[in-house]
Amino acid sequence: MAETWDEAQLIADGFERVYVELEWYDGPRFGLADVEGKPHYFQNDDYGHADEANEYRVWPANEAAVKLEREQWAIYARWNQRYEAGTVTTQSHPGHGGIDARYDELTLLLAPHRQAPDGAHRLVGELRFDAGDRYRVDGLDYWFRWRPSS
């Protein structure tokens with residue numbers, strides 16, 4: 001189990017919230033988090049070196065995309081609560097398509113926003129965890145502190 005941190009300490013230490021997780025593979029790969037206090041997409045495609053995979057392409061997310069991302073995340077987080085409670089199975093996961101019409105619509109609407117632009121910044125993300133639930137409607141249990149890539 002990873003060490004957990006108090007939210008006030010995370011903020012004091014310069015860590016910022018993660019709101020949406022779009023992919024996890026040996027660590028966060030793709031999602032939506034604050035960078036310098038503003039929502040940005042982050043993406044890491046280096047699957048071969050999980051221990052070194054902390055450099056991310058980062059680009060701003062506009063207000064409309066953030067609203068839609070958080071709406072879709074809430075659908076997923078509520079599904080995950082039911083899954084963890086044992087009341088639904090993985091077959092009902094909204095990401096399978098054809099399960100939740102709004103989730104499917106949001107996937108289509110968000111596709112262009114989820115493409116990293118050529119000018120995306122490269123930042124290194126240091127990860128810390130809080131003691132809350134892994135997946136929750138308002139975000140995740142991990143936070144990032146960002147610094148320039150060397």
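Is Thr 87 buried or exposed? I started my notebook there, working on a predicted model.

**Entry 1: Thr 87**

I looked up the accessibility and found Thr 87 exposed, with a relative accessible area of 56%. That puts Thr 87 over the 50% cut-off for the exposed class. I placed Thr 87 in the loop between helix 2 and helix 3. I also checked Thr 87 against Ile 75: they are 12 residues apart in sequence, and their C-alpha atoms sit 16 Å apart in space.

**Entry 2: helix 2 against helix 3**

For helix 2 (residues 63-84) and helix 3 (residues 101-110), the axes come within 10 Å and cross at roughly 145°. I wrote the crossing down as left-handed. From helix 2, the contact takes in Ala 65, Leu 68, Glu 69, Glu 71, Gln 72, Ile 75 and Tyr 76. Helix 3 answers with Arg 102, Tyr 103, Leu 106, Thr 107, Leu 109 and Leu 110. Sorted by class, I get 8 nonpolar, 2 polar and 3 charged residues in this contact.

**Entry 3: the nonpolar core**

Which residues of the largest nonpolar core touch the most other members? I found Val 18, Tyr 41, Phe 42, Val 58, Trp 73, Phe 144 and Trp 146, out of 32 residues in that core. I then asked where the core residues come from. At least two each are supplied by strand 2 (16-24), strand 3 (28-35), strand 4 (38-43), strand 5 (55-60), helix 2, helix 3, strand 6 (121-130) and strand 9. Helix 2 gives the most, with 8 residues. I jotted a reminder that in soluble globular proteins, nonpolar side chains tend to be buried together.

Setting aside residues up to four places away in sequence, Val 18 touches Leu 32, Ala 33, Phe 42, Gly 139, Leu 140, Tyr 142, Trp 143 and Phe 144. Phe 42 and Phe 144 are also on my list of core residues that touch the most other members.

His 40 was up next, and I found it in strand 4. His 40 counts as buried because its relative accessibility is 13%, and the cut-off is under 20%. I saw its side chain reach the backbone oxygen of Lys 38 at 2.7 Å. Beyond neighbours within four places in sequence, the contacts of His 40 include Leu 32, Val 58 and Trp 59.

Then I went to Asp 141, in the loop between strand 8 (139-140) and strand 9 (142-148). Asp 141 is buried too, at 10% relative accessibility. I logged a polar contact from its side chain to the side chain of Arg 134, at 3.1 Å. Apart from residues up to four places away in sequence, Asp 141 touches Arg 128, Phe 129, Asp 130, Gly 132, Asp 133, Arg 134 and Arg 136.

**Entry 4: positive phi**

Last, I looked at backbone angles. Asp 26 is not a glycine, yet has a positive phi of about 55°. I found Asp 26 in the loop between strand 2 and strand 3, exposed at 53% relative accessibility. Glu 36, again not a glycine, also has a positive phi of about 55°. Glu 36 lies in the loop between strand 3 and strand 4, and I have it as exposed at 75%.

Notes
Residues are numbered from 1 along each chain as its sequence is written. This is a predicted model: local features need pLDDT of at least 70, side-chain atom pairs count only at pLDDT 80 or more; totals for chains, interfaces and linings use all residues. Side-chain values use heavy atoms; hydrogens and water are left out. Axes are lines fitted to C-alpha atoms, for helices over the stretch in contact, and angles run from 0 to 180 degrees between N-to-C directions. Helices (H or I, at least four residues) and strands (E, at least two) are DSSP runs, numbered from the N terminus. A crossing is left-handed if the near helix is turned anticlockwise from the far one by less than a right angle, and right-handed if clockwise. Contact means heavy atoms within 4.5 Å. Ala, Val, Leu, Ile, Met, Phe, Trp, Tyr, Cys and Pro count as nonpolar, Asp, Glu, Lys and Arg as charged, and the others, Gly among them, as polar. Buried means under 20% relative accessible area, exposed over 50%, partly exposed in between (1.4 Å probe, protein chains only). A polar contact is a pair of N or O atoms within 3.5 Å; within protein, one must be able to donate a hydrogen and the other to accept it, and residues adjacent in sequence count only if both atoms are side-chain atoms. A nonpolar core is a set of buried Ala, Val, Leu, Ile, Met, Phe, Trp, Tyr and Cys residues joined through side-chain atoms within 4.5 Å.
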